[in-house]
Amino acid sequence: MPEKIVLASSSPFRKSLLTNAGIAFTAVKPDVDERAAEAPLKGSGATPEDVALVLATAKAAEVSERNPQALVIGSDQTLSLGDEIFHKPVDMEHARRHLLALSGRTHQLNSAMAVIRNGETLWSHVAVARLTMRKLEPAFIGRYLARVGYKALASVGAYQIEGEGIQLFEKIEGDYFTIVGLPLVPLLAALRELGAIDG
């Protein structure tokens, strides 16, 4: 009997990626306070990649408790500009400030995944993409946010690369799946290695 796979996420983007890859799974929203999980890492020397992995693992572990025997995939993503970590904007003014800070600079998306069964971490991975934003005029940022509306609040950088957000960039280093937040190639390799999918 095939192993039950659970995606510990309510993200429609992550669900779509896994569905399109032909994986049978159920999605369960993790009950994790991300800021509380992140708080002990402040001042510890943890990198933005470390933070993403702690959050991904916490989400998988919480869902694993409610889904014994299932193979649970947890994922999280941080956006870092140097040592500063950005979180999802809380309102449109916050989104505008994000874009002003990222304008003309290269930031990093750190996409972490953890696979857990019965509370035990079987595999984890962090993939990184580097994105260089064009120099954006404040007036353009205002027009962009007016066009995309509250979609800007759904992502840490106030953009979706699969939508109009692609217009903000002049250079991208990294694969699409890492940018969207579920690095599929290493994840599928891990699922094959664990015998969870046909290989």
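**From one serine outwards**

Tutor: Ser 80 lies in strand E3; helices (H or I, at least four residues) and strands (E, at least two) are DSSP runs, numbered from the N terminus. This is a predicted model, where local features need pLDDT of at least 70, side-chain atom pairs count only at pLDDT 80 or more, and totals for chains, interfaces and linings use all residues. Residues are numbered from 1 along each chain as its sequence is written, and side-chain values use heavy atoms, with hydrogens and water left out.

Student: Ok, is Ser 80 buried or exposed?

Tutor: Ser 80 counts as buried, because its relative accessibility is 4%. Buried means under 20% relative accessible area, exposed over 50%, and partly exposed in between (1.4 Å probe, protein chains only).

Student: And which side chain does Ser 80 have a polar contact with?

Tutor: That's Asn 110, with 3.1 Å between the two side chains. A polar contact is a pair of N or O atoms within 3.5 Å; within protein, one must be able to donate a hydrogen and the other to accept it, and residues adjacent in sequence count only if both atoms are side-chain atoms. If you skip neighbours within four places in sequence, Ser 80 is in contact with Pro 48, His 107, Gln 108 and Asn 110. Contact means heavy atoms within 4.5 Å.

Student: New topic: helices. Which residues of H4 are buried?

Tutor: In H4, residues 92-102, they are His 94, Ala 95, His 98, Leu 99 and Leu 102. They sit on the same side of H4, because they cover an arc of only 140 degrees around the axis. The arc is that of the directions from the helix axis to the C-beta atoms.

Student: Why would residues a few places apart point the same way?

Tutor: An α-helix has 3.6 residues a turn, so residues three or four places apart point the same way.

Student: Nice. What covers the buried residues of H4?

Tutor: The cover includes strands E3 (71-81), E4 (84-86), E5 (106-117) and E6 (120-133), plus helix H5 (138-148).

Student: And what caps the N-terminal end of H4?

Tutor: Asp 91 does, with a side-chain oxygen 3.3 Å from the backbone nitrogen of Glu 93. Just after H4 comes Gly 104, with a positive phi of about 75 degrees.

Student: Which residues are buried in H7?

Tutor: Helix H7 (residues 184-193) has Leu 184, Leu 187, Leu 188, Ala 190 and Leu 191 buried. They fall within an arc of 160 degrees seen down the axis, so they line one face of H7. Val 185 and Glu 193 are exposed, on the face turned away from the buried side. The buried residues of H7 pack against H1, E3, E5, E6 and H6.

Student: Where is Asn 118, and what's its phi?

Tutor: Asn 118 is in the loop between E5 and E6, and its phi is positive, about 50 degrees. With a relative accessible area of 42%, Asn 118 is partly exposed.
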